[in-house]
Amino acid sequence: MNMARAEDHPPSCRDLVGVLAQHDRRAAYAALALGATTAAEVAERAGLRPPAAAAALQKLTDVRIAVFDSDRRTYALLDDTFRRAVQSEVRLSGRGGGDGAGSYFRRGRLTSIPGKEEVRSRVLDVVKDSFAPGVAYSEAKVNAICGEWFDDWVTLRRALVDQGLLRRNESGTLYERV
């Protein structure tokens, strides 16, 4: 089975709130926002013990709120993490409170394929954007991309074809976004 790489999908707003719900992580985030770049500076500015600062920084990098430069041994905030999470959230739920599609995603992956046609259509539309228009994809590549979204990539691929979002050639060897 293919597993999604963390950098392929933005963290959800829920993931970000969950990470920042803990005091040490918020303090580490604030220290980085105020210019701290090393673990020692974060610990000092945030008033944290070094092990607590290191654990908080690790969590911030795991969720891609921050990035660690191993050559310089420094941390920096990623400016687009929150923007990407909000864009993804708006896209899944709509600005007016949503249609329930967002509940089918967790940590940037599908938890299941909705049965309700309206919600299913919205969810599959998000997945469709993983395929560039005008590009022919082999079945193996389609399976790999679908596997980044959902463990049962065969069902997801079939749903994309059935929904008319991907077109398969007659021999079943190439797929193209519609």
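Modeller: Start with the open sheet of three strands: its order is β5-β7-β6, and the pairing is antiparallel. Keep in mind that this is a predicted model, in which local features need pLDDT of at least 70 and side-chain atom pairs count only at pLDDT 80 or more, while totals for chains, interfaces and linings use all residues. Residues are numbered from 1 along each chain as its sequence is written, and side-chain values use heavy atoms, with hydrogens and water left out.

Biologist: Why do β5 and β6 count as standing at the edges?

Modeller: β5 (136-138) and β6 (166-168) each have a single partner strand, so one side of each has no neighbour in the sheet. From one strand to the next, the twist averages 35°.

Biologist: Which residues of β7 are on its covered face, and which on the uncovered one?

Modeller: Tyr175 and Arg177 are on the covered face, Leu174 and Glu176 on the uncovered one. In a regular strand, side chains alternate between the two faces of the sheet.

Biologist: How do you know that β1 and β2 pair as well?

Modeller: Four bridges join β1 (residues 66-69) to β2 (residues 74-77), and the strands run antiparallel. Ala66 stands opposite Leu77 there. The two form a hairpin with four residues between them, and Arg73 in the turn has a positive phi of about 60°.

Biologist: On to the side chains. Why is the Lys128 and Asp125 contact called a salt bridge?

Modeller: The term asks for a side-chain nitrogen of Lys or Arg within 4 Å of a carboxyl oxygen of Asp or Glu. Here the N to O distance is 2.8 Å, so the pair passes. Both residues lie in helix α6 (residues 117-128), three residues apart, about one turn of the helix. A search of the whole structure finds five salt bridges.

Biologist: Is Lys128 buried or exposed, and why?

Modeller: Buried is under 20% relative accessible area, exposed is over 50%, and partly exposed is in between (1.4 Å probe, protein chains only). Lys128 has 14%, so it is buried. Asp125, at 32%, comes out as partly exposed.

Biologist: What makes Glu139 and Arg157 a link between distant parts of the chain?

Modeller: Their side chains meet in a salt bridge of 3.1 Å, N to O. Glu139 is in helix α7 (residues 139-149) and Arg157 in helix α8 (residues 153-162), 18 residues apart. Glu139 is partly exposed at 31%, whereas Arg157 is buried at 13%.

Biologist: How do you know that Asp162 is exposed?

Modeller: Its relative accessibility is 53%. Its salt-bridge partner is Arg158, at 2.8 Å, N to O, and Arg158 is partly exposed at 36%.

Biologist: Last one. Why is α2 called roughly perpendicular to α3?

Modeller: Helix α2 (residues 23-33) and helix α3 (residues 39-46) pack at about 110°, with their axes 9 Å apart. Axes are lines fitted to C-alpha atoms, for helices over the stretch in contact, and angles run from 0 to 180 degrees between N-to-C directions. Under 35 degrees is roughly parallel, over 145 roughly antiparallel, 65 to 115 roughly perpendicular, and the rest oblique. That makes α2 roughly perpendicular to α3. Contacts (heavy atoms within 4.5 Å) join Ala27, Ala28, Ala31 and Leu32 in α2 with Val42, Arg45 and Ala46 in α3.

Technical notes. Pairing = 2+ DSSP bridges.
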